[in-house]
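Me: Can you walk me through a model I have open here? I'd like to start with one residue and go on from there.

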Amino acid sequence: MKAHVSSILLGVRDLDRAKQFYTEGLGWKIQNDYGISVFFESDGASPVGFYGREGLAGQVGTDPEGSGFSGLVLTYVVRSEARVDEIIAEAAKAGATILKPAGALPWGGYGGTFADPDGYVWSVGYSDQGTNQPYAE
């Protein structure tokens, strides 16, 4: 098995709310809306999609009623500290919960984190430590 993710599916409690947060709030564009799931344009990266939480849990054979930190963090690496600030502000305006405001990180980078309406944690970061980084934009 290679170190590669073919797609990222997030189980959401309210598909319409999740679509509104990501499209109207963060500017994502829908590629396919299947009613029970939706996938966004990925610009060549791993596609991100949402599925009703109960349906996705049933599909993979688990209980949909998890709680607390899942151990999953989605990272979004950008090319400047200013862009980190912009994205954190954009997420807050869209209704995200800011978990850590943007600022200096212990390892020398700059970043912040937010949780979307379903509690999925996004880490937005920048580092001038190298040029071969998995930039999202």
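**Contacts, burial and confidence**

Reply: In this predicted model, R53 is in contact with G11, V12, R13, P64, G66 and Y120, once its neighbours within four places in sequence are left aside.

Me: Where is the place of R53, then?

Reply: R53 lies in helix 2, which covers residues 53-60, and R53 and D118, 65 residues apart in sequence, are 9.7 Å apart in space, C-alpha to C-alpha.

Me: And why is R53 classed as partly exposed?

Reply: Because its relative accessible area is 21%, and buried would require under 20%.

Me: How confident is the predictor in helix 2?

Reply: Confidence in the protein is lowest in helix 2, with a mean pLDDT of 82, and highest in helix 3 (residues 81-93), at 97, while the mean for the protein is 89 and 100% of its residues reach 70 or more.

Me: Switching to helix 1, which residues are buried there?

Reply: In helix 1, residues 15-25, the buried ones are L15, A18, K19, F21 and Y22; seen down the helix axis they fall within an arc of 160°, so they line one face, and the face turned away from that buried side carries the exposed residues D16 and E24.

Me: What happens at the start of helix 1, and just after it?

Reply: At the start, a side-chain oxygen of D14 comes to within 3.2 Å of the backbone nitrogen of D16, and just after the helix G27 adopts a positive phi of about 80°.

Me: Last one: is S37 buried or exposed?

Reply: S37, which is in strand 3 (residues 37-40), counts as buried at 5% relative accessibility, and beyond its neighbours within four places in sequence S37 is in contact with L15, N32, F50 and Y51.

Methods:
Residues numbered from 1 in each chain as written. Heavy atoms only, no water. Helix = DSSP H or I, 4+ residues; strand = E, 2+ residues; numbered from the N terminus. Buried < 20%, exposed > 50% of the residue type's maximum accessible area, 1.4 Å probe, protein only. Contact = heavy atoms within 4.5 Å. pLDDT = per-residue confidence, 0-100. Arc of directions from axis to C-beta. Polar contact = N/O pair within 3.5 Å; in protein donor to acceptor, adjacent residues only side chain to side chain.
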